[in-house]
Amino acid sequence: MRTFQILLILCMSYTHQLLWAADETELIEPLMVSIPAGEFFMGSNNNPNEQPVHKVNIPAFQLSRYEVTVSEFNQFERATHYIRTGTCVIHGQAGSLEIYMGAPENLALNANPADCISWDDAQAYIKWLAEKTGKAYRLPSEAEWEYAARAKNQQKYFFGNDDNQLCEFANIYGNENFGHNFQLKIQRFPCDDQADFKTVVGMYKPNSFGLYDMIGNVNEWVEDCARNNYEGAPINGSAWRDNACTKRVARGGSWANNNETLHVTYRHFSGEAGVRTWDSGFRVALNAHDEPQINNAGSKRFAADLASAQQLERTTRKKKLAAIKQYVKNSKTWKLGTLIEPPMVTIPSGKFTMGSTAFDKGYLKATPIHEVNIQSFKISKYEVTIKQFKQFVAATGYYPGDSCWRLVPEKGGKFKIEYTSGSWLTPEYAPSDFHPLMCVSWDDANAYIAWLSQQTGRHYRLPTESEWEYAGRAGATTKYYFGDNDEELCQYANIRDESGMIAFARDRGYEKQASACNDFSEYTSIVGMYKPNGFGLYDMIGNVNEWVSDCSNGNYNGAPTDNSAWISDECQMHSTRGGSYSSTPFNSQIAWRGHGERANRSSIGEGFRIVEDIQAGDSCDNISSASCKKLAQKKSQFEIDLEKAQKNFAQKKLRATNNM
Ligand SMILES: [Ca+2]
Ligand SMILES: [Ca+2]
Ligand SMILES: [Ca+2]
């Protein structure tokens, strides 16, 4: 499921932009900018691979004003029947996800930069363009690229050193991916550029040479071979070639990079020449003496279409801002009562065997099976509910986006998933205040947790993957925490059961075998409606799939053997656990591992529950103490309200059952 979701991130931006009728007869030739000759200092002392800083002389040349767009690249693909079959790699961390590239005729024409472009793809386009025009189009050399990007500026960025200004000049991975908020000071990134993924070229301010998107949007291939540093690099502006070269360099960073790797000297090594990544594109160069772009009908039309695509994008962004303001205003009218501190269960320390061989054929394995030592911690009895998140939003104005993955029908009884309008508040995804929260990203989950910790003075966080499995198993070594019998699943978990399947078929045209039992919940259920596990935790299987703090690792080689989270530096994907209301019995096994991009929001069931670190002197630092037992029995207002909601929901379910 998650694999498809990632693929659709790529397709999404193709479909939501202005569609163009292609002019098949007139070539779109790139708009070129004349770059004056000059000398500059290439590299920096930031990273070893940017050293040594060395002086380079650059002869005059030309570079395209924009990254090559989908529209331009498609013109080449149609003309030559060039097909990008194979895979496009998602950057994450250990075990990048590989996805299938659709045939090019499925991609709508648009003004976004072409992505999932390998160095070889870029060369093929350039060769075709050169033949069509009789001009020696080529990739820029790495030195030319850096010289052009700097535009006579030796600072961190071509506009200066201020991270906060990045979003005026570049589409990066900013706060727009994290969650807009106006009052809460927990922003992860320095700024907000209003584009969640790649966006129409030329939307941000150019550098002083008049080049757009030299930082961000898509990473740009250059001609040179990748080397570990600049020892022995050419100083005349030419590309650093090597006949035995396989690895190539991409520059400028992308919408998927944050300020840590966007300084203008940063070298994004993107590997083998045939590799496509979800944020790799390019722009083209020409020598100074070559005639610039012919102003033919195709290029004129491109300029006009680009202008309207940019206008449309600006209008969309304005509307989005207005919608956020309205949302914040609405949140002030919600009736929410006192702050909810989630009911917690203290989990005793212990040792357990983590993993399973059941998933060895899949992408995400749960092997090697390994022993883990767990220190005592507290975990919330229930998944975080709509009401809890409402309190956060009303207090802070936090806005977790307006789009969410959704299952949609396709021809022939098949289904696909689409990133489409919808949010954590959409009635279908949030039928009541006591339903589990979904359509929230890993980042949104952490934002809520940070706020709740701030408000309560408690040490809340997401569970680690090992804590989650330990808590989920509650001592069980079977497939599920109650045993191995699939038919018992519906007593313990809201999964894709018979009623869920009927609802999927009715509402989404999605017909597929469900589990052999009926839990009488079509989609998500009010939390805590099914039997708990041995620790008294509800919905550890099903309902919503739960974010954990760990990065998504393809297997358990090198996994921690204690409570700690397994995190690496550039971690884009995170694990999810427990499966959801849309899971099969196979995906409901307690050792099953899902994952999602940290900014991904999904109505197919990603939510979370929270953990609290036990502090010395906590009333419940000893789980078997009398005070702890007493505390566990005390019901909060939240639980009293929840019980009422559960009773109503149960009656409704009963009525539905009787009507079946
Ligand atoms: Ca962005
Ligand atoms: Ca770029
Ligand atoms: Ca769950």
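**View 1. S12 and strand S15 side by side.** Welcome to this close-up, where S12 and strand S15 (residues 377-380) run antiparallel and are joined over four bridges. Strands here are DSSP runs of E with at least two residues, while helices are H or I runs of at least four, all numbered from the N terminus; two strands pair if DSSP finds at least two bridges between them. Facing Phe-377 of S15 is Ile-347. The model is predicted, with local features needing pLDDT of at least 70 and side-chain atom pairs counting only at pLDDT 80 or more, whereas totals for chains, interfaces and linings use all residues. Residues are numbered from 1 along each chain as its sequence is written, and chains are lettered from A and ligands numbered from 1 in the order in which they are written.

**View 2. The open sheet around S15.** Four strands line up here in the order S12-S15-S23-S18, with antiparallel pairing. At the edges are strand S12 (344-347) and strand S18 (460-461), each pairing on one side only.

**View 3. Strand S21 and its partner S20.** Strand S20 (residues 573-577) pairs with S21 in the antiparallel sense over five bridges. Met-573 has Glu-597 of S21 as its bridge partner.

**View 4. The two covered faces of S21.** In a regular strand, side chains alternate between the two faces of the sheet. On one side of S21 are Arg-593, His-595 and Glu-597, on the other Gly-594 and Gly-596, and all are buried. Buried means that 20 or more other C-beta atoms lie within 10 Å of a residue's own, with C-beta atoms placed from the backbone.

**View 5. The whole chain.** Stepping back, the chain has 13 helices and 23 strands. Of its 660 residues, 49% are buried.

Note on methods:
Buried ≥ 20, exposed ≤ 12 C-beta atoms within 10 Å, placed from the backbone.
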